[in-house]
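Thanks for coming, everyone. Let me put the structure up, and then we will walk through it piece by piece.

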Amino acid sequence: MSIIRGANVIVCATPADVARAGAARVATWLSAAVSARNRATFSLAGGRTPEALYRLLAETPNRETVEWGSVEIFWGDERCVPTDHPDSNYRMVREALLARVPVSEANIHRMRGETADPGTAAREYEELLRRACRIEVDTLPRFDVCLLGLGSDGHTASLFPGLPAVRETQRWVAAAWVEKLDAWRLTLTPALLNNARHVLFLATGKEKAETLRAVLEGPMDPDRLPAQIVRPARGRVEWLLDRDAAGRLSPQMTQTRHGVS
Ligand code: 6PG
């Protein structure tokens, strides 16, 4: 494990090792949160990379480690599509995790990507967060675990390069028009991501290697590389990478341990 810009960077041999290490970490953190506060709040990532981790979370030993009845599920971002659409992050998480663990429906807080007006959906989700996280005035929800991915353009959640939401410090949720996707997205903003206790980034594959080098070792430029904006003041950041994704990081930064580190 290496420390880069205050973040723990762990390099595993394969994507399967990343999923295994990630599932074990998430299960441990959720279990610790329930022991400490009788509930755990978990913000999930979309995209392809976390799916294997979600499947392993629902399997032994992780499944038994977590008191699922005390876990509240949130999303870091969503595509503006119906829940049965193949691009729906809700659908992916439902199939890979929620349909396979005893989380109560009342504790599943999804972003309503199907809402005609994304701006309304963003405001509604902020209200939902305020209620679900029992938030007093001037405080922010504090996720116990916040899972994030990395796009090869440096985006995380749906904070894409050049979007105003990358610099958002007041609103917790934003509706973002992503020109290059010709699509709307709903996303948590850095205001919330940077209040998490544990932020876990997952990145695998050669196509992420150059972006990872730029994000972790290049000059700070969050408007161009939004993943750099995630630096919780009172939380921990870990990057779980496979060898391919870590391939462009400077050697002294990446002691690979076979299997899981
Ligand atoms: C989404 C994600 C997004 C994702 C990256 C990486 O909804 O797409 O939340 O931020 O993490 O795009 O996606 P892959 O894991 O598919 O490479």
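First, a term we will need. Buried means under 20% relative accessible area, exposed means over 50%, and partly exposed is in between, with a 1.4 Å probe and protein chains only. Now the ground rules. This is a predicted model: local features need pLDDT of at least 70, side-chain atom pairs count only at pLDDT 80 or more, and totals for chains, interfaces and linings use all residues. Residues are numbered from 1 along each chain as its sequence is written, and side-chain values use heavy atoms, with hydrogens and water left out.

Start with the whole chain. It has 7 helices and 10 strands. Both are DSSP runs, numbered from the N terminus: helices are H or I with at least four residues, strands are E with at least two. The radius of gyration is 17 Å, close to the 18 Å that the globule rule gives for 261 residues, so the chain is as compact as a globular protein of that length. That radius is taken over C-alpha atoms, and the rule is 2.2 Å times the number of residues to the power 0.38. Along the principal axes, the C-alpha atoms fill a box of roughly 45 × 40 × 35 Å. Of the 261 residues, 57% count as buried.

Contacts next. Contact means heavy atoms within 4.5 Å. Take contacts between residues at least 6 apart in sequence: 77% of them join residues at least 24 apart.

In what order do its strands come? The order is E5-E8-E7, in an open sheet of 3 strands with antiparallel pairing. Two strands pair if DSSP finds at least two bridges between them. Strand E5 (77–79) and strand E7 (173–178) each have a single partner strand, so they stand at the edges with one side left without a neighbour in the sheet. Neighbouring strands here are turned by 20° against each other on average, direction ignored. Helix H5, residues 118–132, packs on this sheet and touches E7 and E8. Its direction makes about 155° with that of E7. For these angles, axes are lines fitted to C-alpha atoms, for helices over the stretch in contact, and angles run from 0 to 180 degrees between N-to-C directions.

Zoom in on E7 and E8. Trp-177 stands opposite Trp-184 in E8. Ala-174 has Thr-187 in E8 as its bridge partner. The hairpin has 4 residues between the strands, and there Asp-182 takes a positive phi near 50°.

Step back to the loop between strand E6 (145–148) and E7. Glu-168 sits there. Is Glu-168 buried or exposed? It counts as buried, at 14% relative accessibility. A polar atom of its side chain lies 2.8 Å from the backbone nitrogen of Arg-171. Leaving out residues up to four places away in sequence, Glu-168 touches Thr-189, Pro-190 and Ala-191. Ala-157 is in that E6–E7 loop too. Ala-157 is buried, with a relative accessible area of 10%.

On to another pair of strands. E3 and E4 pair in the parallel sense over 5 bridges. Thr-41 is in strand E3, and its bridge partner in E4 is Glu-72. Thr-41 counts as buried at 4% relative accessibility. A polar atom of its side chain lies 3.4 Å from the backbone oxygen of Arg-142. Beyond four places in sequence, its contacts include Phe-74, Phe-143 and Val-145.

What about E4, residues 71–75? 5 of its 5 residues are buried. In a regular strand the side chains alternate between the two faces of the sheet. In E4, Val-71, Ile-73 and Trp-75 are on one side, Glu-72 and Phe-74 on the other, and both faces are covered.

Last, some backbone details. Most residues other than glycine have a negative phi, and most peptide bonds are trans. Ala-157 has a positive phi of about 45°. Asn-38 has one of about 65°. Asn-38 is in the loop between helix H1 (15–37) and strand E3 (40–44). At 64% relative accessibility, Asn-38 counts as exposed. Asn-38 touches Ala-33 and Ser-70, not counting residues up to four places away in sequence. And the peptide bond from Thr-60 to Pro-61 is cis, with omega near 5°. Pro-61 lies in the loop between helix H2 (51–57) and helix H3 (62–65).

Methods: A polar contact is a pair of N or O atoms within 3.5 Å; within protein, one must be able to donate a hydrogen and the other to accept it, and residues adjacent in sequence count only if both atoms are side-chain atoms.
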